[in-house]
Amino acid sequence: MSTTIAVIKEVLASVKGLDAPAASIADDADIAADIGLDSIQMLQFMLELEARLGIRIDFDRLDFDHLRAIDVLAGVLDTMPAADEGPPP
């Protein structure tokens with residue numbers, strides 16, 4: 001499991017307050033349908049991902065379909081700029 005996938009699962013478990021271990025979440029779990037984050041939890045999830053991964057999420061490049069599977073989201077987040085880089089062009 002990639003580091004990004006592990007972080008996504010840890011953040012999901014924390015934000016959602018899951019009793020099960022984060023590692024038990026499937027890599028292909030749909031964040032909206034399977035995990036069921038509401039809008040406030042989704043915002044908290046994204047902010048926590050930025051902090052934990054040290055990235056700045058470019059929401060112009062992030063599509064709702066990227067949230068259909070944790071492994072897909074991890075691939076997209078791995079392409080995001082570091083938090084200390086300047087604003088996107």
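## A salt bridge across the chain

Arg68 and Asp30 form a salt bridge, with their closest N and O atoms 3.4 Å apart. A salt bridge here is a side-chain nitrogen of Lys or Arg within 4 Å of a carboxyl oxygen of Asp or Glu. Arg68 sits in the loop between α3 (39–53) and α4 (70–77), and Asp30 sits in the loop between α1 and α2, so the pair ties together parts that are 38 residues apart in sequence. The helices are DSSP runs of H or I with at least four residues, strands are E runs of at least two, and both are numbered from the N terminus.

This is a predicted model, in which local features need pLDDT of at least 70 and side-chain atom pairs count only at pLDDT 80 or more, while totals for chains, interfaces and linings use all residues. Residues are numbered from 1 along each chain as its sequence is written, and side-chain values use heavy atoms, leaving out hydrogens and water.

Arg68 is partly exposed, at 40% relative accessible area. Asp30 is buried, at 11%. Buried means under 20% relative accessible area, exposed means over 50%, and partly exposed lies in between (1.4 Å probe, protein chains only).

## A network of three

Arg68 has another partner. Asp65 forms a salt bridge with Arg68, and here the closest N and O atoms are 3.9 Å apart. Asp65 is partly exposed, with 49% relative accessibility. Through shared partners, salt bridges join Asp30, Asp65 and Arg68 into one network.

## A bridge to helix α1

The count of salt bridges comes to 4. One of them links the side chains of Asp27 and Lys9, at 2.5 Å from N to O. Asp27 lies in the loop between α1 (3–16) and α2 (31–35), while Lys9 lies in helix α1, so this pair ties together parts that are 18 residues apart in sequence.

What is the relative accessible area of Lys9? The value is 3%, and Lys9 is buried. Asp27 is partly exposed, at 31% relative accessibility.

## Ile35 and its contacts

Ile35 lies in helix α2. Ile35 is buried, at 13% relative accessible area. Which residues does Ile35 touch, not counting residues up to four places away in sequence? They are Leu12, Lys16, Ile25, Ala29 and Asp30. Contact means heavy atoms within 4.5 Å.

Leu12 is 23 residues from Ile35 in sequence, yet the two are 7.9 Å apart in space, C-alpha to C-alpha.
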